[in-house]
Amino acid sequence: MTEDSLSRAVRRIEFLTLVLGAVGAVYLLFTRGWRYALGFAVGAVLSWLNYRWLRAGVIAATSVPATL
C-alpha cells in the first residue's frame, strides 16, 4: 500500500466513525429516546478520539529521532 492510500484509509475510518455515530444517535433518538441517543453519540466521539490518540501514539513510538 502506498502512503496516499493509507492516508485515505485513515480519513475514511475517521469519517465513518463520526457518520455512523451520528446516524446511530438519530436512530436511537426516535426509537429509544434522547438518553440512549446521547450515550451513543458520546461513545462515538470517544471512539473517534481514541483512534486519533492511538494513531498519534503509534506514529510517535515508531518514528526515528532526528539526532541519535
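Q: How is the accessibility of Val45 to be read: buried, exposed or partly exposed?
A: Val45 is partly exposed, because its relative accessible area is 41% (buried means under 20%, exposed over 50%, partly exposed in between, with a 1.4 Å probe and protein chains only). Val45 is found in helix H2. The model is predicted, so local features need pLDDT of at least 70 and side-chain atom pairs count only at pLDDT 80 or more, while totals for chains, interfaces and linings use all residues. Residues are numbered from 1 along each chain as its sequence is written, and side-chain values use heavy atoms, with hydrogens and water left out.

Q: How many helices and strands are there in the protein chain?
A: Helices (H or I, at least four residues) and strands (E, at least two) are DSSP runs numbered from the N terminus. The protein chain has 2 helices and 0 strands. The radius of gyration of the protein chain, taken over C-alpha atoms, is 16 Å. Along its principal axes, the C-alpha trace spans about 55 × 25 × 10 Å. Of the 68 residues in the protein chain, 16% are buried.

Q: At what angle do the axes of H1 and helix H2 cross?
A: Axes are lines fitted to C-alpha atoms, for helices over the stretch in contact, and angles run from 0 to 180 degrees between N-to-C directions. The axes of H1 and helix H2 (residues 34-62) cross at roughly 170° and come within 7 Å. H1 is therefore roughly antiparallel to H2 (under 35 degrees counts as roughly parallel, over 145 as roughly antiparallel, 65 to 115 as roughly perpendicular, the rest as oblique). Contact means heavy atoms within 4.5 Å. On the H1 side the contact residues include Val10, Glu14, Leu18, Gly21 and Leu28, and on the H2 side they include Trp34, Phe40, Ala44, Trp48 and Arg55. By class, the contact of H1 with H2 has 15 nonpolar, 4 polar and 3 charged residues (Ala, Val, Leu, Ile, Met, Phe, Trp, Tyr, Cys and Pro count as nonpolar, Asp, Glu, Lys and Arg as charged, and the others, Gly among them, as polar).

Q: Which residues is Val10 in contact with, leaving aside its neighbours within four places in sequence?
A: With those neighbours left aside, Val10 is in contact with Tyr51 and Arg55. Val10 is found in helix H1 (residues 3-31). Its relative accessible area is 17%, so Val10 is buried.

Q: How many salt bridges does a search of the whole structure find?
A: A salt bridge is a side-chain nitrogen of Lys or Arg within 4 Å of a carboxyl oxygen of Asp or Glu. The search finds 2 salt bridges. One of them pairs Arg8 with Asp4, whose closest N and O atoms are 3.6 Å apart. Arg8 and Asp4 are separated by about one helical turn because they are 4 residues apart in helix H1. Arg8 is partly exposed at 40%, and Asp4 is partly exposed at 47% relative accessibility.

Q: Which parts of the chain does the pair of Glu14 and Arg52 link?
A: The side chains of Glu14 and Arg52 meet in a salt bridge at 3.2 Å, N to O. This pair links distant parts of the chain, with Glu14 in helix H1 and Arg52 in helix H2, 38 residues apart. Glu14 is buried, with a relative accessible area of 12%, whereas Arg52 counts as partly exposed at 38%. Not counting residues up to four places away in sequence, Glu14 touches Trp48, Tyr51 and Arg52.

Notes:
Rg over C-alpha atoms; globule rule 2.2 N^0.38 Å.
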